[in-house]
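Below are some notes for a colleague who has not seen this structure before.

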Amino acid sequence: MSDNNQLGHGFLGSINHYMSDAMTYLDLPEGLSERILQCNSTYTVKFGVRLRGKLFSFQGWRSVHSEHISPVKGGIRYAMNVDAEEVEALAALMSMKCALVDLPFGGSKGALMIDPNEWEADEIEKITRRFTQELARRNLIGPGQNVPAPDVGTGEREMAWIADEYVRHAQNDVDARACVTGKPLGRGGIDGRTEATGRGVQYAIQAFYKDDAMLEKYGYEGALRDKRIVVQGFGNVGYHAVKFLSEEDACRITRVIEYNGMITNDDGMDVEALKSYFSENGSFKGCDLGEYSEDVSEGFLIDCDIIIPAALEDVISEDVAEKISTELIVEAANGPISAASDKIIQDRNIPIMPDMFVNSGGVIVSYFEWVKNLTHIPFGLMDRRSRVRNRRVIVDAMETMTERAFPSDVREPFLAGGSELDLVRSGLEDVMLSAYERISKVMHDDPSIKDMRTASYVIAVSTIARAYRELGL
Ligand code: NAD
């Protein structure tokens, strides 16, 4: 990382710092850097909803960072500790993320200050529908303009309400359902969206452990198998990431940290059993799969191989950064490491896989969903039968020629012809691996770029700069 930037303060400060640091590696024309750094607009919406016999007021934001390409894309968060600055930081990160993985979206983000646990489902529905009306009235939602998705505190249920409300608002628009992604399957969603971000975390880690040059740079050898993993946050992203890593890559999940306690077992824990326990009890207290501790202040300070923060921003303090003992940190959450902690960790030569790459699986599969909605045809519908027929001809011919039957565990999946889920996973893996190869190549081609975050920002900023230049700016 170059030294000629002051480390930024807060989440937005960190993102601005990373963007301007990347700009020092690029020869951008005067004014363009400023154009890319600036957040284009942030709208504050305030509205009232009549609930429980009285009027409650709510405040929300939708921020648009970069419109070098349309529509802009980014989730909507429901939480109490949100503000305009955090939303702007998350919107900037979305611009970087989409540019890094080469999706045709600018960056946006939204938030509503609400504690979802305080309200009944029908009340959240009313609030969500009113919020959608406010966004629609200000052109802050629309399939060609601004396309939200789930984030912390929201999921496919909220996305279904948003889509339904928007479709009422735009009845003549045949593409209206593409106004939001992360919808349930029956409401225009796509198979594999719920698992997408966690699945992408798995692909990111697999790519690192297959990259000989990267392993050599950090003096590592060996494969992913049996790595000891600590995850913070056992929600959508954290749960899916450790589920796939334990079930398919034989990793050991040795600690899971939640807001109200953590559980530890050096031999590794059964993720599905842990999930059922947590869903039923709301905590790991009393769970016999590992040792429970209510104090999570030293959650990251355990000897392990991979740390996956998958909950919130700014969770690794400078003090923890000094002491952490791991081989790799994988930012599944957005912004879990401040610029100051990042510098300490990089100076200790511990690799960090950055959020903008690691958690891009969500927006990548959202892109597939958006395309599916706009084309109005499920993936694979036109060619599945003909593909299966052609494969059957090959299998029959080979069996006749060799006078031997294909093993059924090879034959059946080969003939199945690729479900939507297969296609989504394959597309996700391809987009993520291509992005990883770009990151690795940039570091290889320019040895002064020493870490994956800087390389990612260099790629993203130069992609956005190219788009602005092509517009004559
Ligand atoms: P989620 O709400 O499903 O899960 C978050 C989990 O973190 C919950 O289980 C919550 O109890 C836990 N948590 C909250 N505070 C905590 C604390 N202080 N310590 C430990 N655990 C805590 O949210 P999610 O969708 O899994 O998102 C997690 C992170 O990933 C966020 O930073 C989000 O912006 C990012 N992200 C999510 C997606 C997606 O597709 N869901 C995509 C990209 C990035």
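1. A polar contact is a pair of N or O atoms within 3.5 Å; within protein, one must be able to donate a hydrogen and the other to accept it, and residues adjacent in sequence count only if both atoms are side-chain atoms. With that in mind, an oxygen atom of the ligand lies 3.5 Å from a side-chain N or O atom of Arg193. For Asp151, a polar side-chain atom is 2.9 Å from an oxygen atom of the ligand, and for Glu258 the distance from such an atom to a ligand oxygen is 2.5 Å. The protein covers 81% of the 830 Å² of accessible area that the ligand has on its own (Shrake-Rupley method with a 1.4 Å probe; for residues, only the protein chains shown count as cover).

2. On reading the values: this is a predicted model, in which local features need pLDDT of at least 70 and side-chain atom pairs count only at pLDDT 80 or more, while totals for chains, interfaces and linings use all residues. Residues are numbered from 1 along each chain as its sequence is written, and side-chain values use heavy atoms, with hydrogens and water left out.

3. Which residues come nearest to the ligand? Of the 22 residues around the ligand, they are Arg77, Asp151, Thr197, Glu258 and Asn334 (a residue is near a molecule or strand if one of its heavy atoms lies within 4 Å of it). At least two residues of the shell come from each of α6 (193-210), α8 (236-249) and β8 (252-258). Helices (H or I, at least four residues) and strands (E, at least two) are DSSP runs, numbered from the N terminus.

4. Leu93 is part of helix α3 (residues 84-100). Leu93 counts as buried because its relative accessibility is 0% (buried is under 20% relative accessible area, exposed over 50%, partly exposed in between, with a 1.4 Å probe and protein chains only). Beyond its neighbours within four places in sequence, Leu93 is in contact with Phe11, Ile15, Asn334, Gly335, Asp355, Met356 and Tyr457, where contact means heavy atoms within 4.5 Å.

5. The whole structure holds 16 aromatic pairs. Rings of Phe, Tyr and Trp (its six-membered ring) pair if their centres lie within 6.5 Å; planes under 30 degrees apart count as stacked, over 60 as edge-to-face and the rest as tilted. Tyr18 and Tyr457 have ring centres 5.4 Å apart and planes at 40°, so this pair is tilted. Because Tyr18 lies in helix α1 (residues 10-23) and Tyr457 in helix α17 (residues 452-470), the pair ties together parts that are 439 residues apart in sequence. Both Tyr18 and Tyr457 are buried.

6. One aromatic cluster is formed by Phe47, Phe56, Phe58, Trp119 and Phe131. Phe47 is also in contact with Glu134, as is Val45. The C-alpha atoms of Glu134 and Phe47 are separated by 8.0 Å, although the two are 87 residues apart along the chain.
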